[in-house]
Amino acid sequence: MTISNTSSFKGHLAPLIFLVIMSCGLYVNTLPNDFMWDDTNLIQHNRHIQSLANTPLFFTPHYWNDLHPYPGLGQYRPVRTVTFALDYALWGLAPSGYHTTNLLLNIVMVLLVYFFVYRLGAAHSFGAAEKRPFGHMLLPLSVAVIFGAHPVHVESVAYVKNRSDLLALIFCLCAFLLFMAYPGRKQRKERVTVYIGALFFFVLALLSKEIAVTLPLLLMAYVYCFLPKEEWAGGFIRTVPFWGGVALFFWFRHVFLEILSEENVHFNAFQHLLVVVKTMGWYFQKLIWPVHLNAEHVFIVPDSVLEPAVFSAVIGLCVFGAALIFGLKKSKWVLFALCWLLLTLAPVSNIIFLASRPIAEQRLLFPSLGFGLLLGLGFMKIMDRNTRSIYRDGPVVGGLLAMALLLGFYSIQTVRRNADWQDPLTFYSKTVADSPDSSRAQLNLGVALADLGRLDEAMDRYRNALRLKPDYAMAYYKIGNVLMKKNRLAEAVEYYEKAIKIRPGYAHAYNNKGVAMMRLGRIEQAIPFFSKATALMPDYVEAWNNYGAALANTGQYRQAAKCFARALEIDPESREAAGNLRKLSGIKFER
């Protein structure tokens, strides 16, 4: 493929401007949206992101094991946390600022997809259509449009927390582009610089989200599909340090991170295979027909290959296998697109069962690039066709019309879905309407209602969650909170006890049970529960304050002062702890 006449940036200006305008138009309605779901704990209530001086802390196991809002998940995503701190420095806690950052990251990602596919075209011709005017840009532009507009990306763009997906793909694409540029550098110094740059971006991708571990496989697929056979050995050897990075990442994760086990889900090897097949089929379906999007899809473990969802998935995988064989024999482009799709989809297809959330639309961000490449190649094939149409450019018109129709469909779905994320009540109401059998959706809707003071409605949702999941510790805890707000303290204590019985390490339940007991006048009995809460969660400022208050109210002033001091050590901005320390010098201690 000859690209010398379009290698300058000026030659790409028009498609790039279109992609920026398209991306802004699709996601501009996310800017007024509120924080959602895990954003509350990861951003709003996360005091650590409120200072850029904490940046080194975000890279330590201590933060992820002890200080992170969700310890024990085995996640290590310091780059995302650094971006939260940067956002806080710029916007404070204004949600629109964080959504602006996600929108900008999405634009960068879409532009990188364009250049990635364009650079692939420089390595291997993709068809006769590239010989038409501006034909060399048709495939990169088509893929970037399909990718950028696909509705399954809403969960990664509209949900601030999921910018980890955007960051990981951005850095993977940067690493991939530099890896591809390596053979074209004549000077040894330039090659070393480019290669180190590729490894650097790969490390950033790994520190953004775990899905980046698929990059070495994708690089090998590129080497096989696009490099001449005589360059295969050198290309495969260049992937070795990337594999070393993957090994080091898993070693670090295993040795230094505390990982709590997932909920126990018991099924045999055959059922596990059916689970993987059903999951892949579900993801294929959402890529092809992205409607009825929802954050809480209820996943039922299959027990028969004749289950409709499993049977249709088997058929789909057979078609996929046939396409792989075709690509292996006829089209390296098709083969590469299918490899990208398969290699990035497999790790999220419940090979390791993700019991807390078996399926999630956000996990389709990486695979959708392979899907977009397949569709883009299909549009190019339409444009390559010889036809007897009276219009000389009939095939081009047909391909562009098909692209326009797809873009219109995707755009409508994306903009509508963005609106579902505008605030917690809207979001969870929509989620429950689509998945009424999701216990977590019912509970989260209850939280949204409780935050608005609609306690009776919240209680109904919490009870629905318990009906769907009788051992749901958090639902018992939330009911206890509502009862405490209603001053039904004895009942609240009972519900906190039920939560603790199911989840013995539930620090918040211990703390709130202690608060309820104090309000009942059982102060001495409350002290052990605050002690337990602080032991379970050493960074729990509220529990330290309550612990100190209980001790002070029983005359144990020296121990109380230590608790308040500990609270201030954790959070120097805690007015409650500072005030309580001052009050200790008074005649009467007031909690």
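Reader: Leaving aside neighbours within four places in sequence, which residues is Phe336 in contact with?
Author: This is a predicted model. In it, Phe336 touches Phe116, Leu120, Phe176, Leu218, Ala221, Tyr222, Cys225, Phe226 and Leu373, once neighbours within four places in sequence are left aside.

Reader: And the largest nonpolar core, how many residues does it have?
Author: It has 186 residues. Phe336 is among those with the most contacts inside it, along with Phe116, Phe176, Tyr222 and Trp340.

Reader: Which helix gives the most to this core?
Author: Helix α8, residues 163-181, with 14 residues.

Reader: Switching to helix pairs. How do α10 and α12 cross?
Author: The axes of α10 (residues 215-226) and α12 (residues 240-256) cross at roughly 160 degrees and come within 9 Å. Angles over 145 degrees count as roughly antiparallel, so that is how α10 and α12 run relative to each other. The crossing of α10 past α12 is left-handed.

Reader: Which residues make the contact?
Author: From α10, Leu215, Pro216, Leu217, Leu219 and Met220; from α12, Phe242, Trp243 and Val246.

Reader: Buried or exposed?
Author: Ser331 counts as buried, because its relative accessibility is 18% and the cut-off is under 20%.

Reader: What separates the C-alpha atoms of Ser331 and Cys225?
Author: 8.9 Å, with the two residues 106 apart along the chain. Cys225 is also one of the contacts of Phe336.

Technical notes
Residues numbered from 1 in each chain as written. Predicted model: local features only at pLDDT ≥ 70, side-chain atom pairs only at ≥ 80, totals over all residues. Heavy atoms only, no water. Axes fitted to C-alpha atoms, helices over the stretch in contact; angles between N-to-C directions. Helix = DSSP H or I, 4+ residues; strand = E, 2+ residues; numbered from the N terminus. Parallel < 35°, antiparallel > 145°, perpendicular 65-115°, else oblique. Left-handed = near helix turned anticlockwise from the far one by under 90°. Contact = heavy atoms within 4.5 Å. Core = buried A, V, L, I, M, F, W, Y, C linked by side-chain atoms within 4.5 Å. Buried < 20%, exposed > 50% of the residue type's maximum accessible area, 1.4 Å probe, protein only.
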